[in-house]
Amino acid sequence: MGETGPVTRLHDPARRDFASDNYAGAHPQVLSALVEANEGHQTAYGSDLYTARLREVLRAHFGEQAVGFPVFNGTGANVLSLQSALPRWGAVICAEQAHINTDENGAPERIGGIKLLTVPTPDGKLTPELVDRQAWGFGDEHRAQPGVVSITQTTELGTAYTVEEIATLAEHAHGHGLALHVDGARLSNAAASLDLPLRAFTTDAGVDLVSLGGTKNGLLFGEAVVVLDPSRSTGLEYLRKVDMQLASKMRFVSAQIVALYEGDLWLTSARHANAMAARLRAGVERLPGVRVTQPTQSNAVFVVLPDGVADTLREHRRFYDWDVATGEVRWMCAFDTTEADVDAFVSEVAAALAAR
């Protein structure tokens, strides 16, 4: 470690963990965009040139009807999206494993005032049949009224909805009078996995609102709410301020998202992260005692390890338990994960298995 500028570097820049794509730093092109946006003055609260450019970039990806609202983080994007599509008494149908239910610390309920109606799923995906387990009680004053179906793309289990699956869900949700929201924290990884443009499995499939991710794919911070059907969403201009997601210096959020999505950086970064996950899976699934539990369709690998192996590995690498009862863990790759990182970790897994 040494002096690198006004702040002393406190970490080893060569370290790579497999806990989360949030562990990765910001992509150099994103940092460059921030520097470029920094000089001089720009109008605050979104009336700047970078936010105007972002609106054009989002329309290019999602269609001329798309309206984007930059926010600070994914939880904010999800809460705002859902609030804007619901009355005060509304509820959201989602998978039990959905991020809004498992990892947002009650923010939809506490900040958004939203009831979550959850459904257990084997692979993190909703189907029309699963939606119908909670799509009932319309007009019953004793029950929170379903108003939105929310899906995660890719899911918390790393699986990707196909275009057909999303289109079927959208048609079914709309038949009940419900909007369809996509939590797209890893939407880029889904596009890379499906080999499709973003609008193919959002706008063209009937999705109404998207929480567009960036932080997990190379941004320093920042996401966006993208409204695809304006008739399904109201009040975002006001809700963003109420929920403390309105950046005064919005140009710095917008410039990052522009840098990611204006060209193909979003796609090349996601493809790389996915490829590293595929390499990791291929390396560990041949090892005796390792059982891969989910399809590897994005940048996540889920495995069950023998007793004690995860603890041994965590002496040098961080990653998270997914199901302590079964020994299932999750390994995540990021835009900056290298083949050497993956191969070194596979060797560590093999050594830990041999030593038990």
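1. Helices (H or I, at least four residues) and strands (E, at least two) are DSSP runs here, numbered from the N terminus. A word on the basis: this is a predicted model, in which local features need pLDDT of at least 70 and side-chain atom pairs count only at pLDDT 80 or more, while totals for chains, interfaces and linings use all residues. Residues are numbered from 1 along each chain as its sequence is written, and side-chain values use heavy atoms, with hydrogens and water left out.

2. Let's start with W89, in the loop between α3 (74-84) and β2 (90-95). Is W89 buried or exposed? With exposed meaning over 50% relative accessible area, buried under 20% and partly exposed in between (1.4 Å probe, protein chains only), W89 counts as exposed because its relative accessibility is 58%. Setting aside residues up to four places away in sequence, W89 touches A144 and Q145, where contact means heavy atoms within 4.5 Å. Its C-alpha atom is separated by 8.9 Å from that of R143, 54 residues apart along the chain.

3. Now the overall build. The protein has 13 helices and 11 strands. Its radius of gyration is 21 Å, close to the 21 Å that the globule rule gives for 356 residues, so the protein is as compact as a globular protein of that length. That radius is taken over C-alpha atoms, and the rule is 2.2 Å times the number of residues to the power 0.38. Of the contacts with a separation of 6 or more, 74% join residues 24 or more positions apart. Buried residues make up 54% of the 356.

4. The interior deserves a look. A nonpolar core is a set of buried Ala, Val, Leu, Ile, Met, Phe, Trp, Tyr and Cys residues joined through side-chain atoms within 4.5 Å. The largest has 50 residues, and F62, L126, V149, I151, L212 and V226 have the most contacts inside it. Helix α10 (residues 251-261) gives the most to this core, with 5 residues. Apart from it lies another core, of 24 residues, including V290, V309, V349 and L353. Beyond its neighbours within four places in sequence, V226 is in contact with residues including L58, F62, D208 and L212.

5. Finally, helix α8 (residues 187-194) is mostly covered, with 6 of its 8 residues buried: L187, S188, N189, A190, A191 and A192. Which elements cover them? Among them are α2 (49-62), β5 (179-184), β6 (209-212), α10 and α11 (265-284). Just after α8, D195 takes a positive phi of about 60 degrees.
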